[in-house]
Amino acid sequence: MKTINYILFMLVATLLLSSCTDDSKSITTYDEDFLPKIYTDGWSANVTVTQGDKLNYSNLEVSPNDENTTFAWYIDDKTISTERVLNYTVTEEEGSYTLKFEVKRFKKSTFRKATLKVKATVTPEPPFVPNAFTPKAFLTKAIGFYDINEDTNPSEITWDNITHMVLTSAIVEEYGIVTYPCSEKKVREIVNAAHDNGVYVMLQVAGLHENIQGKNKYGATTFRDLASNEERNDAFIEELYNYADNNALDGINIYMDKATSSTEGYKEKTELVTFFQKLIAAKPTQSRTEHEFYLTMNLITYGALTSKGHLDDFVTLKGWDWFYTMDFGIIETINPNSHAPQVTLQDDLTYWQSKGIDKEKLMITISSIASLYDANSYETPTINNCISFIKYSELFSMFPGVDVAQKNNLDTEAKALGYTGCRYDGLPWINTKIGYISKYGAGGVALWKMNFDTTDPETSMMSFIKKTLKNP
């Protein structure tokens, strides 16, 4: 009897085990109401892929897993697989989707979900190969400063008027971050177009300054902070020259922060001198297109800044190729002077030559902006709070029917519109300033900026500069 009972017990145990075994990963049952289970060592709730990537899921275990069990993988409502193991090439557009793995057995189902973010495929840019460059022949440098951005169209630039171009500007922001004016793709497009027309292209690297007038912002020290920091300025120099080489630029133009005031010089002068010495020493021997590579500087010459000698220690360093006189001072009285006072320009040209700067290294920079005075807007007006700056090209629509190009002031016309006066560098004053090349000594003429000029050859400042210089 004992033997029979033992046999019966073993038979029942065998039947029970055949209907349900659980080793925590493998369950076999014939119970239709049993909820399937999904086991995995790593399921992420958020998955990010790029178009063309593979979605691979091979470590999902399902129990029960018999002939009554089905599988389905979905991206949103689209079925992408009916196998337990997923190996799917992502073809979805860029965006956010729901990835779902569902298991069904009889009337029971379970699932896992994840947010699937698909990024667009980024096609690597081919290595940049700059166009061949043959510089145009010229008698005297004719240089145009030019604001560049993503919308800049090289076909809109009158390349015939210039021999050199300065792209404005890479800005040294707070904490030493350098913000470039646009993408490298756009820079390369402009560089290739310039080189195709025989024009050299340089990048201006500047501190914070007003875009239209070019005057350094009061109290800004972002450039000086980075340049005078010995722990960081080597990397700064390397970054600038690498950027120039990567984009086949022909030089770097420096427009650093001005001194704190006309009476107080640069507190970091020693550190800045060291920086510029290192910048000059590291200058490439030639550009990527195997032509001259230039290192130049804007001279911050607002009156007393020159006479106090604040810039002497920097400008007199050997190795600079040339300098731009930036005489865009505000006129202190409404009288028949040009926007950029003639006497200041004369003083600067003679001053720097007295400091040993070769006259060929001095560029006369002409302003293509107009001073519009509105003293009536203030109870106690001063010249600083009643002046606004507009582009030279805007004068023509502001004063229709007036021969704007052949004038230097529009005081009478401005008063008719309710202003006090309007002054600018018209073609007559430009002619006078170009005459300073032989009278006081200079190596060329620059325009700040070409964006503010007209495109009409009869009124264009840059076109007039080219003609007057007698460049081919």
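Biologist: Where in the fold is K449 placed?
Modeller: K449 is in the loop between β23 and α13. Helices here are DSSP runs of H or I with at least four residues, strands are DSSP runs of E with at least two, and both are numbered from the N terminus.

Biologist: Before going on, what kind of model is this?
Modeller: This is a predicted model, in which local features need pLDDT of at least 70 and side-chain atom pairs count only at pLDDT 80 or more, while totals for chains, interfaces and linings use all residues. Residues are numbered from 1 along each chain as its sequence is written, and side-chain values use heavy atoms, with hydrogens and water left out.

Biologist: Back to K449: what kind of peptide bond joins W448 and K449?
Modeller: That bond is cis, with omega about -10°. A cis peptide bond also joins T168 and S169, where omega is about -15°; S169 belongs to strand β13, residues 164-172. Most peptide bonds are trans, and most residues other than glycine have a negative phi.

Biologist: Let us turn to α13. Which of its residues are buried?
Modeller: Helix α13 spans residues 461-469, and its buried residues are M461, M462, S463, I465, K466 and L469.

Biologist: What do they pack against?
Modeller: They pack against β12 (141-147), β19 (362-367), α11 (427-434), α12 (436-441) and β23 (444-448). I465, for instance, touches A142, I366, I430, I434, V445 and L447, leaving out residues up to four places away in sequence. Contact here means heavy atoms within 4.5 Å.

Biologist: Which residue caps the N-terminal end of α13?
Modeller: S460 does: one of its side-chain oxygens lies 3.3 Å from the backbone nitrogen of M462. Such a polar contact is a pair of N or O atoms within 3.5 Å; within protein, one must be able to donate a hydrogen and the other to accept it, and residues adjacent in sequence count only if both atoms are side-chain atoms. Just after α13, K470 takes a positive phi of about 60°.

Biologist: Is S463 buried or exposed?
Modeller: S463 counts as buried because its relative accessibility is 7%. The S463 side chain reaches the backbone oxygen of P457 at 3.4 Å.

Biologist: Now the core. How many residues does the largest one have?
Modeller: The largest nonpolar core has 110 residues, and those with the most contacts inside it are V205, F223, F276, W320, L395 and I465. Apart from it lies another core, of 22 residues, among them L55, V62, I75 and V90. A nonpolar core is a set of buried Ala, Val, Leu, Ile, Met, Phe, Trp, Tyr and Cys residues joined through side-chain atoms within 4.5 Å.

Biologist: How many aromatic pairs are there?
Modeller: The structure holds 25 aromatic pairs. Y180 and Y243 form a stacked one, with 4.1 Å centre to centre and 10° between the planes. Rings of Phe, Tyr and Trp (its six-membered ring) pair if their centres lie within 6.5 Å; planes under 30 degrees apart count as stacked, over 60 as edge-to-face and the rest as tilted.

Biologist: Which rings are linked into a cluster?
Modeller: Ring pairs link F223, F236, Y266, F275, F276, F314, W320 and F323.

Biologist: What sits over the ring of F314?
Modeller: The charged end of K269 does, 5.8 Å from the ring centre. A charge sits over a ring if NZ of Lys or CZ of Arg is within 6 Å of the ring centre and within 35 degrees of the ring normal. K100 lies over the face of F111, at 4.9 Å from the ring centre.

Technical notes: Buried means under 20% relative accessible area, exposed over 50%, partly exposed in between (1.4 Å probe, protein chains only).
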